[in-house]
Amino acid sequence: MTASSHAYARSPTESWWFALRGRFARHPVLRVGLPVSLVGLAVVARIILGPWYAAPFIPFYPAILLSTLIGGRLSANIALALSLACSAYLFYHLSGSLEVT
């Protein structure tokens, strides 16, 4: 094979993905706004799916994953905390005590 038959192999840092992550790294408002909006969409999706849906936490996984991939560790932690808080408050009927029955 000749050198001209191979496709040009770009560096991974030249991709649009790294440009997007760099843009989010420079703007802290985007790093916080992204997980809040994605978890909000996951809550809406969970409400639309209703109580008959067998896996109640599935809509939160893509929100956490996308927050991690685009925003980094801070966005991932915010998305995880918001997902836990929203799911516990909205979808579990807690009695208010820590007693195990």
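This is a predicted model: local features need pLDDT of at least 70, side-chain atom pairs count only at pLDDT 80 or more; totals for chains, interfaces and linings use all residues.
Biologist: Which elements, in order from the N terminus, make up the chain?
Modeller: The model has four helices and zero strands. Read from the N terminus on, the elements therefore give the order α-α-α-α.

Biologist: What percentage of the residues in the chain is buried?
Modeller: The chain has 101 residues. A residue counts as buried when its relative accessible area is under 20%. The buried share of the chain comes to 23%.

Biologist: Are α2 and α3 roughly parallel or roughly antiparallel?
Modeller: The axes of α2 and α3 are 8 Å apart, and the two helices pack at an angle of about 165°. Angles over 145 degrees fall in the antiparallel class, so α2 is, relative to α3, roughly antiparallel.

Biologist: Is the crossing of α2 and α3 left-handed or right-handed?
Modeller: α2 spans residues 28–49 and α3 spans residues 60–71. Where α2 passes α3, the crossing is right-handed.

Biologist: How are α3 and α4 oriented to each other, roughly parallel or roughly antiparallel?
Modeller: Helix α4 covers residues 73–91. Its axis is 7 Å from that of α3, at an angle of about 165°, and α3 passes α4 in a right-handed crossing. With the cut-off at 145 degrees, the orientation of α3 and α4 is therefore roughly antiparallel.

Biologist: Is R31 buried or partly exposed?
Modeller: R31 sits in helix α2. Its relative accessibility is 21%. Buried would require under 20%, so R31 is partly exposed.

Biologist: How far apart in space are R31 and R73, C-alpha to C-alpha?
Modeller: In sequence, 42 residues separate R31 and R73. In space, their C-alpha to C-alpha distance is 9.6 Å.

Biologist: What is the distance in space between G33 and G71, C-alpha to C-alpha?
Modeller: G33 belongs to helix α2 and is partly exposed, with 33% relative accessible area. Along the sequence, G33 and G71 are 38 residues apart. Between their C-alpha atoms the distance in space is 9.7 Å.

Terms used: Residues are numbered from 1 along each chain as its sequence is written. Side-chain values use heavy atoms; hydrogens and water are left out. Axes are lines fitted to C-alpha atoms, for helices over the stretch in contact, and angles run from 0 to 180 degrees between N-to-C directions. Angles under 35 degrees count as roughly parallel, over 145 as roughly antiparallel, 65 to 115 as roughly perpendicular and the rest as oblique. A crossing is left-handed if the near helix is turned anticlockwise from the far one by less than a right angle, and right-handed if clockwise. Buried means under 20% relative accessible area, exposed over 50%, partly exposed in between (1.4 Å probe, protein chains only).
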